[in-house]
Amino acid sequence: MLKLNYKCADSAVVGESNGLNIQEEFFAYKEKIAKIITDLNGNKDKRGQGLRWMNLGYSEETVWYVKEYAALVENRFENILVLGIGGSALGGLAVTEALLKPYWNFLSPENRNNFPRIFFLDNIDPDSIEGLLNVLDLSKTLVNVITKSGSTAETMSQFMIIKDRLEKELGDDYRKNIVATTDKNIGVLRQIAEQEGYKTFIVPDDVGGRFSVFSAVGLLPFALVGLDIDEIIRGVKDMDLALKNTDINENIAAQNALIHYLLDTKKGKNISVMMPYSSRLRYVSDWYVQLWAESLGKEKDLDGNTVNIGPTPVRAVGATDQHSQIQLYNEGPNNKVINFVRVEEFDTNLEIPKIFEYTGIGYLGGKTVNDLINAEADATRVTLADYNKPTVTITIPKINGYYVAQLLYMLEVQTAIAGALYNVNAFDQPGVEQAKNYTYALMGRVGYEESAHVLHEKMSTV
Ligand code: PA5
């Protein structure tokens with residue numbers, strides 16, 4: 001299992017004003033945490049709670065349907081193109097980047113075991129959309145359009161461009177190149193998929209985008225590129241079982257949630273940096289940033305009070321960002337908690353040759369890059385402790401489907417528990433909806449005429 005080391009967030013290491021007396025806090029919050037965990041598990045099947053992502057480790061039916069479709073289209077496509085944004089893209093990106101062989105899209109088909117390359121279009125930059133379409137042979141591309149609402153302007157505009165080009169190239173047969181993942185009943189994409197006869201998968205009810213990576217939203221792209229989705233789901237399930245433990249002393253998601261919450265509310269550490277020491281985990285930071293920001297950044301608490309709270313998440317990657325951000329983290333304001341993710345065993349053991357022994361870099365020869373990256377993680381953690389800057393370290397035994405799934409699922413549960421501690425709804429995003437509505441108004445969507453009028457007036461003043 002994953003391990004969490006929180007010694008460097010303790011006041012014994014970073015001092016009273018920057019750290020917590022963690023054992024005392026665990027004791028003080030024992031009952032509150034136990035109740036939060038009991039409530040989460042007790043409410044997960046109730047409608048409207050946004051908690052059904054807690055069932056995804058047990059979704060055998062989805063796994064079965066995904067595998068069936070992946071087998072059906074195996075060897076038929078050279079590329080998978082995922083269209084989606086936010087929660088409909090970041091989990092897929094994080095997991096494929098972590099689990100596929102590095103530089104997957106550059107490998108020969110044999111080195112990819114004949115599984116397709118995979119691309120994520122998660123933005124609407126016209127240059128990059130056109131650029132990607134210029135390098136992909138659309139006739140050999142399976143397009144997985146993912147949107148829970150079925151109407152997100154970014155995703156649907158990409159979809160419209162690509163559908164149009166596919167149809168011009170392939171005629172009626174274009175439908176075989178599209179698979180849609182969306183709500184089972186509502187939304188424009190559901191309506192179009194039914195009219196046009198696309199293969200579809202479901203984003204389950206009460207599973208928000210940023211908590212959807214282990215639904216068909218993630219599982220389908222994973223299976224299409226040959227990832228072992230049984231192993232992934234096993235990781236989710238085992239972590240879920242471990243995190244049902246209501247004893248904070250045994251529950252790492254609860255521990256990290258409480259540490260973050262208290263460091264923010266008692267010690268002013270309202271920035272949470274996610275810094276895996278692994279390039280393969282770099283998009284886990286992006287995924288975490290969305291999860292933490294959209295879930296916890298809220299204007300109102302659950303009692304309707306205006307609170308304007310939420311810790312600010314920051315993405316980083318070790319060792320790269322030691323040469324970019326660490327100067328600030330060591331010497332700048334003491335307002336952060338840094339989450340290191342440390343990989344115990346890499347797939348490759350890469351030795352540094354014993355050359356230039358007579359120079360100042362001779363000490364590196366004969367060591368491994370593996371030793372170096374973990375030495376840098378340790379050195380950075382200790383240096384931050386010297387500067388009284390709190391950190392926690394999550395250790396992941398290996399980068400495989402089982403442990404990466406555990407890591408993501410643990411962070412989801414941590415977020416849900418943190419939401420309860422902050423007393424906010426971690427599963428809505430009203431602040432995002434407002435900008436979406438303004439965009440609809442600006443783009444002339446029917447029904448948004450009044451908003452467009454108000455907006456044009458406001459725009460002339462700001
Ligand atoms: O987490 C969320 O709910 C959001 O980030 C959504 O995933 C994002 O806005 C995209 O929405 P949709 O899947 O409806 O296109």
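The questions and answers below cover helix packing, ligand contacts and backbone geometry in a predicted model.

Residues are numbered from 1 along each chain as its sequence is written, and side-chain values use heavy atoms, with hydrogens and water left out. Because the model is predicted, local features need pLDDT of at least 70 and side-chain atom pairs count only at pLDDT 80 or more, while totals for chains, interfaces and linings use all residues.

Reader: How are helix 5 and helix 12 oriented to each other?
Author: Helices here are DSSP runs of H or I with at least four residues, and strands are E runs of at least two, numbered from the N terminus. Axes are lines fitted to C-alpha atoms, for helices over the stretch in contact, and angles run from 0 to 180 degrees between N-to-C directions. The axes of helix 5 (residues 90-99) and helix 12 (residues 282-296) come within 8 Å and cross at roughly 155 degrees. That makes the pair roughly antiparallel (under 35 degrees counts as roughly parallel, over 145 as roughly antiparallel, 65 to 115 as roughly perpendicular and the rest as oblique).

Reader: Which residues of helix 12 meet helix 5?
Author: Contact means heavy atoms within 4.5 Å. From helix 5, L90, G91, L93, A94 and E97 take part, and their partners in helix 12 are Y283, V284, D286, W287 and Q290.

Reader: Which residues come nearest to the ligand?
Author: A residue is near a molecule if one of its heavy atoms lies within 4 Å of it. The ligand has 14 residues around it, and those that come nearest are S88, T147, S149, T152 and Q290.

Reader: What distance separates an oxygen atom of the ligand from an N or O atom in the side chain of K436?
Author: A backbone N or O atom of R210 lies 2.8 Å from a ligand oxygen atom. For the side chain of E294, the N or O atom is 3.1 Å from an oxygen atom of the ligand. For the side chain of K436, the corresponding distance is 3.5 Å.

Reader: Which residues of helix 10 make the contact with helix 9?
Author: Helix 9 (residues 216-224) and helix 10 (residues 229-243) pack at about 145 degrees, with axes 10 Å apart. Helix 9 contributes L219, F222 and A223, and helix 10 contributes I229, I232 and I233.

Reader: What is the relative orientation of helix 16 and helix 17?
Author: The axes of helix 16 (residues 430-442) and helix 17 (residues 449-459) are 8 Å apart, at an angle of about 95 degrees. The two helices are therefore roughly perpendicular.

Reader: What is the omega of the peptide bond from G318 to A319?
Author: A319 sits in the loop between strand 10 (312-315) and helix 13 (326-331). Most peptide bonds are trans. The bond from G318 to A319 is cis, with omega near -5 degrees.

Terms used: Polar contact = N/O pair within 3.5 Å; in protein donor to acceptor, adjacent residues only side chain to side chain.
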